[in-house]
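This briefing goes through one protein model, topic by topic. Please keep the sequence and the structure in view while reading.

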Amino acid sequence: MTGRATVRVTIRLFARLREIAGSGELAREVPNPADAQAAWEALTQEFPALEQYRPVISCAVNEQYAKFDTPLTEGDEVAFLPPVSGGGGGSGLGIRDRDSDRD
């Protein structure tokens, strides 16, 4: 345990999520111990219209696709991404797939 009550993270939002929040990048304090779900919940308290997107969004932590129970530490970046349509290899958002052994 780090002894801190909160963890400061950068939250990145894309497409419709960014439009709802009015910004593509937000710095927020998340209760410690923190995970991506806690960051999402903090956002939905501030921007309730985001909640409807939870069933379809993906998240990434430090530019790697991650599960919502991925722990966050001080200074981490968590990104929330709506579904990507169209072809091509990758999202074009600088997000990498996690190695299969880290799932």
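Two strands pair if DSSP finds at least two bridges between them. One such case is strand S4 (residues 58-61) with S5, which pair in the antiparallel sense over 3 bridges. Cys59 stands opposite Ala66 in S5.

**Confidence**

- The average pLDDT of the protein chain is 85, and 79% of the residues score at least 70.
- Over residues 87-93 the pLDDT is below 50, and beyond near neighbours in sequence this stretch has 4 contacts in the model.
- Residues 96-103 also have a pLDDT below 50, with 12 contacts in the model beyond near neighbours in sequence.
- Where pLDDT is low, the predicted coordinates should not be read in detail.

**Overall layout**

- The protein chain contains 2 helices and 7 strands.
- Read from the N terminus on, the elements run β-α-β-β-α-β-β-β-β.
- Of the 103 residues in the protein chain, 38% are buried.
- Among contacts with a separation of 6 or more, 56% are between residues 24 or more positions apart.
- The protein chain has an accessible surface of about 6000 Å², and 47% of this surface belongs to carbon and sulfur atoms.

- An open sheet is formed by 5 strands in the order S2-S1-S7-S4-S5, and the pairing is mixed.
- S2 and strand S5 (64-66) are the edge strands, since each pairs on one side only.
- On average, neighbouring strands of this sheet are turned by 35° against each other, direction ignored.
- Helix H2 (residues 36-46) packs on the sheet and touches S1, S2, S4 and S7.
- The direction of helix H2 makes about 65° with that of S7.

**Salt bridges**

- Side chains of opposite charge can pair when their charged atoms come close.
- The rule used here asks for a side-chain nitrogen of Lys or Arg within 4 Å of a carboxyl oxygen of Asp or Glu, and by this rule the count comes to 6 salt bridges.
- One of them joins the side chains of Arg4 and Glu29, at 4.0 Å from N to O.
- Arg4 lies in the segment before strand S1 (6-13) and Glu29 in strand S2 (residues 25-31), so this pair ties together parts that are 25 residues apart in sequence.
- Arg4 is partly exposed, with a relative accessible area of 39%, and Glu29 is partly exposed at 37%.
- Arg4 and Glu29 also belong to a network of salt bridges that links them with Arg8 and Glu74.
- Another salt bridge brings together the side chains of Glu77 and Arg12, at 3.9 Å from N to O.
- This pair links distant parts of the chain, with Glu77 in strand S7 (residues 77-81) and Arg12 in strand S1, 65 residues apart.
- Glu77 counts as buried because its relative accessibility is 18%, under the 20% cut-off, whereas Arg12 is partly exposed, with a relative accessible area of 22%.
- Arg16 forms a salt bridge with Glu19, and their closest N and O atoms are 3.2 Å apart.
- Arg16 and Glu19 are 3 residues apart in helix H1 (residues 15-21), so about one helical turn separates them.
- Arg16 counts as partly exposed at 40% relative accessibility, while Glu19 counts as exposed at 55%.

How values were computed: Residues numbered from 1 in each chain as written. Predicted model: local features only at pLDDT ≥ 70, side-chain atom pairs only at ≥ 80, totals over all residues. Heavy atoms only, no water. pLDDT = per-residue confidence, 0-100. Contact = heavy atoms within 4.5 Å. Helix = DSSP H or I, 4+ residues; strand = E, 2+ residues; numbered from the N terminus. Buried < 20%, exposed > 50% of the residue type's maximum accessible area, 1.4 Å probe, protein only. Axes fitted to C-alpha atoms, helices over the stretch in contact; angles between N-to-C directions. Areas by Shrake-Rupley, 256 points an atom, 1.4 Å probe, with all protein chains shown as cover.
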